[in-house]
Amino acid sequence: MFILVALIVLLAFAFVRLRVGYPVPDRPLVILTRAEAAFLAAAAATFFPALDEDGRAASKVLRPGEAVDLPGYMDDYLGQLPKRQRFQIRALLMLFEQSSVVFPARGLGAFKRFSSMSPAQQRHVMHAWAESRLYLRRVAFIALKALLVLGYLGDDTNLRALGLAPWEIESPVIETDLIYPSIGARPEQIAFTLEDLAAPGVDARSAPPLRGVEERT
Amino acid sequence: MRAEALSTREAEGEIRVFAQYERDFVEEADVVVVGSGPSGSVVTYELAKAGHRVLLVEEGPPFTPKDFRIDGNVSMARTMREGGLRSTTGTFMPVMQAICLGGASLINSAMCVRPPKFVFDDWSTRFDLERTTRGDLDPHYDAVGEFLGIAPTPDAVQGRRNMLFREGCDALGYSSEPVPRNVQGCRGSGECFTGCRPRAKQSMDISYIPEAMKLGARVLTSLQVQRVLGTRRRVWGVEGQVVEPFTGRASHAFRINARLVVLAAGCMATPVLLQRSGDLANESRQVGQNLQFHPGCAVAGVFPDEVDPLFGATQSYHSLDFLREGFKLETMWSSPAALAVRTPGMGADLLRHLGELPRTVIWDAIGSTHRSVGSVRARSEGLDPVIRWSLNEDDAKLMLRAVHVLTEIFFAAGAEKVMPGVHGLPEEITSTLGAQAIGDHPIRPRDLVMASSHVFCTTRMHGDAAKGVVDEIGRCHGFDNLFIADTGIFPRCPSVNPMYTVMALAHRQAQAIREQI
C-alpha cells in the first residue's frame, strides 16, 4: 500500500513538474510542447539577454533573444530532422529544463524548472554546465549552445545588423537543370528549356563582386 | 574532354527521382555502383565510357539551387545523414556524411590535394601495397584533375580572411599555398558547404554524373541499398527500398541484378551494408574495424579591422608545412551562424563576441591521428552505424600543438586576440606571450572540441588477405566481382583532404574492372 501511494505521489509530482503551468506559446507549434517552448524562450533570454548584469544594453547591434522567435525556429528545424535526431534534441531541451532536480541552482527556488528560475539562477545553471568537470555535461552544453546560436543567427535581422546577410545570387541555368527536377517534383515539372542555358563561362548574376587583390610576388 | 550538352543529343542514360517510382521493380546491369560520391561517380563514368551498362544508385535526391538552404542548420538537416547530427561515442565528435546526388562533393569545399610521397611510402610498406606509390597514382590524379579542371585558387577570389593566413605564415617562415580546387569560375561567395549557388564548384552531380549519363549510364536516386546479394565467393546484385527524400519513408522494393558490384556508399555505410548482408567479405574480421578520422579543431582570431569575411573562397589557403609532424593547417569559412557556434561566452559576453564576427577569421587544423582507432557496426535496425572512437592522448597533444601553431599564425597576421576553443585554456588569448600557455597546457582528449568529415579505413586495403578487406585495386579479397571504392579502403588516414585521392584510386579501379569484364 505504501509503495502504491508513493508511486502515485511520484507520478503526480512528475506530471506537475513536466506539464503544469507552462504558458501558451506565441504561435502554434507543430512539434514542440509548451514546456520545450518555454525552456527555449528562457534559454534565449539567458544566452542573448537584452541587458547586461549592470542593466545596460547587452548589445548595440544585435536583437535580444526575446525578440527572436527561437521556439518557432526550432519547431521548423525539428520538422526537418529524422525521428531519432528529433527525439534526441527534444530530450536535450528537457534535460536542461529539468536538470535542477539533480544539479540545483543557488538560493531560493534552487530546484525550480529552468524556465521558472530568476535570470541570475539561469545564468548560474548554464555556467555550471559549461564549466562542469563532467565531460558529458560539457558536451550537452556545447550541443545546446550550438542549437541556440544557430537559431539566433538564423534570424536575418541579426545577420543584416552584422553585415553578414547572405549574398543575393541568381544561379545560372546549367545543363543538369534541364534533367534534375526540384526535390519532390517530377521531370515533367522542370520549367527550364535549352534557351535558358547560360552561355559557357557566364558567372552568376549578382554574385559577390571580385575584389582587387595584390598578386603574390 | 566532355561531350556535347545532354539536352542536344540522344542520351542513352537517364535519371530517375523519387516521384517516378510507382511499383516494385527489378533492373539489370553489367555493373551496379552503390553511392554517387566522388569515387562512385568516377567509376560510373569510366565504366560507361568503356561501353558497359552501368547503373548508379544513390539514396539521396539530386539538389538544384532551389533546394539549397543558406541556413547552415537547415542545410545540414537536408543534405547530411542523420540530419547532420551524427557523432562518435567514446570521445564525442560530430561527423558528417552526405546524402545527396554527388555525395560529399555537393557540400564540401572542393579541396583537391595530393598527399606527399611519404604517405604512400608508408602505405606501401606497412600494408604490403607494392603498386600504390605516389608515382603509380599520379597518372590517375592527372586524369581526374584534367576532367574537373582542378587548379590552385586564384588570388582574385581569396578574400581578406584567406590572405591573412598567407601573411601570418609568411611572417613566421612557414610555407603556404593556394588550395587546388575542382571549381570553374568561382566568385568567392563562400557557400561551398551549403551548395554552390553560382554553380562554380564541379561537384559530381554537375560534372562526372551527367557526363556518364551521356555515355549511357543510368542513375537511380532515392534508392536505399539494404543488402548485397551473394554467396561467400560471388555476388550477383543488390536489393533494397525506395526511400522518400528527407523522411526516409520506404515506398517500393527493388532488386538490381549485375555481373559486378561496386560499393561506394561511404566509409560508414559500406561496412554496415556488408554486415547486413550476412557479414560479407569479412573473413579477415576487418570489416568495420580500423576506423580513423582527420579530426578538425577550429581556432578563431579577431582582427582590429573588419575582414569582409563573407567574401572569399570557402577554404582556399593552406599550409602543408606540418604534414610530417601530423597536421595540416587551412583557412575556413561557413555560414556565419555555423561558425558562431564555437564563439565563447554566454549572455552579454557572447553577444559581444558575436558582434565581433565581421572582424573574425576562422582557421582550422586537421590531424593525422593514426593512434586513435575505432570501429563501425550496424545498429539493431536501419543502416545508421554505431561509431566508436576515442582520441588517443598523444593525438590530443598533436591537436593541441596544431592549435598552438594556428594561434601563433594569427598573431603574426595581426590578430588582436585569439580564441583557441579548448576547455581549460583561457577563452581569449591576447598576446604571443599568452599563446605560450597553450604549449604548456596538460591537455586531455576530452578538452578538445572537434568535428570531422574525413573518415577512413573501415574496409582497408591490404596486400595480405588476412589483414585487410580489399586488395590494391579495391577488390574484396576472395571475390572477383565485389569491389569497394570509398575512403574505407584507405589503409591509413592520408594526412590531406581525401577527395582527390579517393577519385584517383577509383580511376585506377575502373581501369582494372574494365580489363576484368
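## Helix α1 of chain B

The model is predicted: local features need pLDDT of at least 70 and side-chain atom pairs pLDDT 80 or more, while totals for chains, interfaces and linings use all residues. Residues are numbered from 1 along each chain as its sequence is written, with chains lettered from A and ligands numbered from 1 in the order written.

Helix α1(B) spans residues 38–49 and reaches 17 Å from first C-alpha to last, close to the expected 16 Å (1.5 Å times one less than the number of residues). Helices are DSSP runs of H or I with at least four residues, and strands are runs of E with at least two, numbered from the N terminus. Just after α1(B), B:Gly51 has a positive phi of about 95°.

## Residue A:Leu147

A:Leu147 lies in helix α6 (residues 135–153) of chain A. This residue counts as buried because 22 C-beta neighbours lie inside 10 Å. A:Leu147 and A:Ala185 are 38 residues apart in sequence and 31 Å apart in space, C-alpha to C-alpha.

## Contact between the chains

The contact takes 61 residues from chain A and 64 residues from chain B (C-beta atoms, placed from the backbone, within 7 Å). On the side of chain A that touches chain B, α6(A) gives the most, with eight residues.

Key:
Buried ≥ 20, exposed ≤ 12 C-beta atoms within 10 Å, placed from the backbone. Contact = placed C-beta atoms within 7 Å.
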